[in-house]
Amino acid sequence: DIFLKEVRKEITTKCGQKCTAIRRIFVPADKIEDVQIALGKYLSQTTIGNPLNEKVRMGSLAGESQRAEVKAQVQKLLASSQLIYGSLDSVQ
């Protein structure tokens, strides 16, 4: 539980915007599916949007060009990994 909370915090706090943002986590092979499911549940509880709204925990991307760049970089990552939460086809 502590591990999942820390991973969620690292993903949502830095949002991939800093050089220190989390890029990968290491999980024992026999725990991968459990971690994927639990992390998906944790991430689904994160409200994304305008940071001026006090319920928002992660700000949105700055614009269409940044959105396109994020999607392009995720496509590169998918060459050696898999998406466990969300979808590139339905980015809001």
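A salt bridge here is a side-chain nitrogen of Lys or Arg within 4 Å of a carboxyl oxygen of Asp or Glu. The model is a predicted one, so local features need pLDDT of at least 70 and side-chain atom pairs count only at pLDDT 80 or more, while totals for chains, interfaces and linings use all residues. Residues are numbered from 1 along each chain as its sequence is written, and side-chain values use heavy atoms, with hydrogens and water left out.

By the salt-bridge rule, the count comes to three. One of them joins Asp1 to Lys5, with the closest N and O atoms 3.6 Å apart.

Another salt bridge pairs Glu6 with Lys9, and here the closest N and O atoms are 3.3 Å apart. Both residues sit in helix α1, three residues apart, which puts about one helical turn between them. (Helices are DSSP runs of H or I, at least four residues long, and strands are runs of E, at least two long; both are numbered from the N terminus.) Glu6 counts as partly exposed, with 38% relative accessibility, and Lys9 is also partly exposed, with 42%.

Then there is Glu64, whose side chain meets that of Arg67 in a salt bridge (3.8 Å, N to O). This pair belongs to helix α3, residues 64-77, and is again three residues apart, or about one helical turn. Glu64 is exposed at 58% relative accessibility, whereas Arg67 is partly exposed, with a relative accessible area of 25%.

The largest one has six residues in all: Leu4, Val7, Val35, Leu39, Tyr42 and Leu43. Two elements, α1 (2-14) and α2 (32-44), each give two or more residues to this core. The largest share, four residues, comes from α2.

Contact means heavy atoms within 4.5 Å, and leaving aside neighbours within four places in sequence, Tyr42 is in contact with Asp1, Leu4, Lys5 and Arg8.

Definitions and conventions
Core = buried A, V, L, I, M, F, W, Y, C linked by side-chain atoms within 4.5 Å. Buried < 20%, exposed > 50% of the residue type's maximum accessible area, 1.4 Å probe, protein only.
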